[in-house]
Amino acid sequence: MFLRVVSVTFFVLVLQFVSSYHVVVFASSSIFPLSHKKQLQVVVEEEVDALLKWKSTLINHSHSLLPSWKRNSTTSPCKWYGITCNNQGSVVELNLTTLGLQGTLHSFNFSSFSNFVSLDLSGNKLFGTIPSQINNLPKLITHLNLSLNTISGHIPPDIGSLRSLQYLDLSQNQISGSIPQEIGNLHFLTFLGLYMNNLTGLIPTSVCDLTNMTVLSIYENQISGVIPRDVGRLRSLTLLELSTNYINGSIPISLTNLTRLEYLSVSENQLSGTIPRDIGRLPYLTSLSLSKNNLNGSIPASLTNLSRLTTLYLYDNQFSGIIPQDIGRLRSLTSLDWSENSITGQIPTSISNLTNLTYLSLFENQLTGSLPIGINNLTRLQTLYLSDNKFSGYLPQNLCQSGKLEYFVAFNNHFRGPIPRSLRNCTSLKILELKNNELVDNITEAFHVYPHLEGFVVRNNMLYGELSKNWGNCQNLTYLSFGGNNITGRIPSELGKLKILSELYLDSNKLVGEIPRELLKLSSLIELDLSNNHLSSRLCFANGMLSNVQYLDLSANKLSGSIPKQLGECSKLLSLNLSTNNFNESVPPQIGNLDSIQILLDLSYNELSGELPSSLGKLSKLETLNLSHNKICGSIPSSFDQMLSLTTVNISSNEFTGPIPNIKAFKEAPFAALKNNKGLCGNNSRGLKPCNSSVLFERKRAKHKILLVILLPLFGSLFLSFIISAILFLFRKRSIRNVTPIDKARANNTTRNLFSIWNYDGKIVFEDIIEATEDFNTKFCIGTGGYGSVYKAELSRGQVVAVKKLHSSSYEDSEMFDLKSFESEVHALTEVRHRNIVKLFGFCSSFERRISFLVYEFVERGNLKNILCSRERSVKFSWIKRVKFIKGTADALAYLHHDCVPPIVHRDISSNNILLNFEYDARVSDFGTARSLKPGSSNWTSLAGTYGYVAPELAYTMKVTEKCDVYSFGVIILEVLMGRHPSEIITLLSQILLSFSSSSKAGQNVRLRDILDQCIGAPPEVLQNEIMCIVKVGFSCLRGDPLTRPTMEKVSAELSSYAQSNASLLKSFETITLADLLM
């Protein structure tokens, strides 16, 4: 009997510990069956209503994605797509991943689902914010996944009330704001995914209370501050991913307590200090990435205890010292990248034990000595980067014995001896770059056919032999460089079979014979350099050859005959160098058709004769022109006066006569660039005799003969038009007599508001624009500023223009303000003609319709800010394009300040107001705040400009000077190079300047390379020096005292001179700091 009582009691206790759900079931089946069933039915109906109501708020086609979600007589959601119910028919899970649903969560009634344990809406197109009502989810919910949507706004602090949550994933959205401190209340959380959002602020210290967490991933946000000191309390962590943020400070020592950690990444932050000495205490670690920080010191020896490591990335830091001798203990390693540091010494011999390595990168260090023989044991290597070190000795002979090597880059070292014979048959090769070494070998024997080869560079070695025909079988080659060797023989015509070859450098060798026609037919070539060889014969050039070439250098050869007129069809040429050959006859007029040529036209040291064609004056973008040491005669065509972009010119040692062109490049050219001509003169030039009146008269008389032929018929037509206009005027005068005095007064007041457009019938164009924009419908609006909105309009004739309509909320009240802005811009732009300034076609103004607008050229790529804010678009904004953009902007401002009379100050230079055309050329726009600095007039004004670009003195003096624009331009320089607004750098510069006069070293160790835009990689070597100089100019523009800032004329000249002179600074690009550039 006692046993029976005990067993019954035990049974009752078990029932009491069963979930409330089961208790309800028991009661419903035995005590209150009808009332509970009715209550359950109400719950289910409430869930159905909530689901259908949310579905109804989804956008358009989203409804069709949930066809099973519909009400019927026996409505139960349990068979609906994505829904799981419990035994009572109540919804416990909602899983609608990757359906493409569009809508928000604002109409989702979280409180209707009392039995929810899991909500997964990931991989859709949900937008809007996370509602604070999310805290109405039941306390039993364990799984919440809203990742892979476009949700914005902040993380609501109320999410901390979901205390049963084990899995929370909000990653890959557009969530901003900080991580709420309340997140620390989720004590059962094992997974927290917040990566790839726009989160800011600090990592809350309360995160360290989540001791059950195994995964913490916050990468690709804008998190700042330090890694919490108590992060070592998260002893269950297996993955910690904090990369690509703005986290600073040092790596906490407590992190070495995370003994279960398998994956650790804090790369692409601003961490400093050393690697914790006990990093080797993480026995399960398989991946460690500390790259792209400011970490320093030596690499701790304990790192070699991490025997399970497969990936070890320490690149782009400031590590020094040697590679640990026991590196060979890391036998599981497949990827090792310690590049871009200051590591010294030799590669340890134990590296031969790393036989699983597929990727080894040590470039840009200070490593010395020979490569260990054991490196031949790394038979699984696919990638080997050793460039920019101080290695010497021979290259490993069996490097590609296994036939798996794809990328071998070892340029800028002191390797000597032959090319490894294992490379001859290494058909897996995709990239081979060995330039700037001391390699000696016969290229005919060293290389063979590489079916996958994309890039091959061995320039500046001591290679010899002849180019093999087999190179024509490397069909995937895009760039090929043998320049700077001792290669002999002819250029094989088989190179013409390389249909995707874009760059070919065979310069500075001993090649002979003619240039193969097959090579010139390659439409893929963008850069071709055959200079400094012994190539001879005529240049056989036909229509359509080199149709896409941008850089063509055939200088220092023995080419003869006339310059082919077909060269004028190479419409994409930026630089053409035919100097130091034996070209004769005259310069073909077709060269004037190269309207894209910008960098260089060099025809010097030939035997050219005859007069220059006037068509050369059409080369309006050309910056450097060299015609020296020829036999060109006659006067320089007057069309040269239009070559305003010229900065450097040399016409010495010819037979020119008459006056030099009236442009800056000629007037400021040194005498050496003009000397040894027959009769050149110039009133303002250095070293030339002044032009007397008879010379000028003869030139003018020659012009007049041509003008008479043109003007006589023209004046006849104008006279006839005048007679007709006079008759029409008389008729109009009669009609005006019938106008009332009030109308006359209104007409007088609005005379200057009548619409007009230069070169058009004003009324026709006015109506055309109204029609094209559908009376300025917002769907045509492409931008809005403080003074007007800009619309894209396609006129009836097919021309696309940009129309800036001035704001006028109340025409009567704001008329004077808007009209002042309107007239300011018209006044400035009607007198401006420059290739880097947006062209104004005209203006329209109608008093009756209360509309005033300007008509500009349409600039294809929009403004700089939009380019930099879009990762997809900024990636295409390469370093060479950015440098070109900066120079173009400088030229435009120099023109406004120094070539306009009176000078024009823009006053609102910002990334919103500089546009880019299809070729990424700068176009300065928006003169709504422009001011002419007229002598004797007041230059004091109300504050104008864009926050973040306004010169500091304007805040307290309100006095407009050209130096205000100079300051704004300095901001633009840094913004273009950094890819974002440089507010923190400007602040840092102030700290650095203060530290010069104190013992502090604040900010003095920040390297230039670390602040540059990372989305397009490091600048190419050819531009690194110029970029350093550009930043130095930018810093000078940002000086606090406007009197110490340079003029834009000086800035423009310096930016141009850097590209020409190849000036160098005391430190290299890799080591130079911001402080160095401020000195």
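# Close-up views of a predicted model

Just after helix H15, Gly-979 takes a positive phi of about 85°. The model is predicted: local features need pLDDT of at least 70 and side-chain atom pairs count only at pLDDT 80 or more, while totals for chains, interfaces and linings use all residues. Residues are numbered from 1 along each chain as its sequence is written, and side-chain values use heavy atoms, with hydrogens and water left out.

**View 1. Helix H15 and the residues that follow.** Helices (H or I, at least four residues) and strands (E, at least two) are DSSP runs, numbered from the N terminus. H15 spans residues 962–978 and reaches 25 Å from its first C-alpha to its last, close to the 24 Å expected at 1.5 Å a residue; the expected span is 1.5 Å times one less than the number of residues. Of its 17 residues, 16 are buried, where buried means under 20% relative accessible area, exposed over 50% and partly exposed in between (1.4 Å probe, protein chains only). Glu-984 forms a salt bridge with Arg-980, the closest N and O atoms being 3.0 Å apart. A salt bridge is a side-chain nitrogen of Lys or Arg within 4 Å of a carboxyl oxygen of Asp or Glu. Glu-984 is partly exposed at 36% relative accessible area, and Arg-980 is partly exposed at 31%.

**View 2. The open parallel sheet S19-S21-S23-S25-S27.** Five strands in this order make an open sheet with parallel pairing. Its edge strands, S19 (344–345) and S27, each pair on one side only. Two strands pair if DSSP finds at least two bridges between them. Strand S21 (residues 366–369) and S23 are joined over two bridges, with Phe-391 in S23 as the bridge partner of Gly-369. Two bridges also join S23 (residues 390–393) to S25 (residues 414–417), where Ser-392 has His-414 as its partner. From S25, two bridges lead on to S27 (residues 438–439), and Gly-417 is partnered there by Leu-439.

**View 3. The salt bridge between Glu-406 and Lys-430.** The two side chains meet at 3.9 Å, N to O. The pair links distant parts of the chain, 24 residues apart: Glu-406 lies in the loop between S23 and strand S24 (407–409), and Lys-430 in the loop between S25 and strand S26 (431–433). Lys-430 is partly exposed at 25% relative accessibility.

**View 4. The salt bridge between Glu-1049 and Lys-664.** The closest N and O atoms of this pair are 3.9 Å apart. Glu-1049 lies in helix H19 (residues 1048–1061) and Lys-664 in helix H6 (residues 664–667), so the pair ties together parts that are 385 residues apart in sequence. Both ends are partly exposed, Glu-1049 at 34% and Lys-664 at 44%.

View 5. Three bridges join S1 (residues 83–85) to S2 (residues 91–95) in the antiparallel sense, and Thr-84 has Glu-93 as its bridge partner. The hairpin has five residues between the strands, and Gly-89 takes a positive phi near 85° in this hairpin. S2 is also joined to S4 (residues 118–120), by three bridges in the parallel sense, and Glu-93 stands opposite Ser-118.
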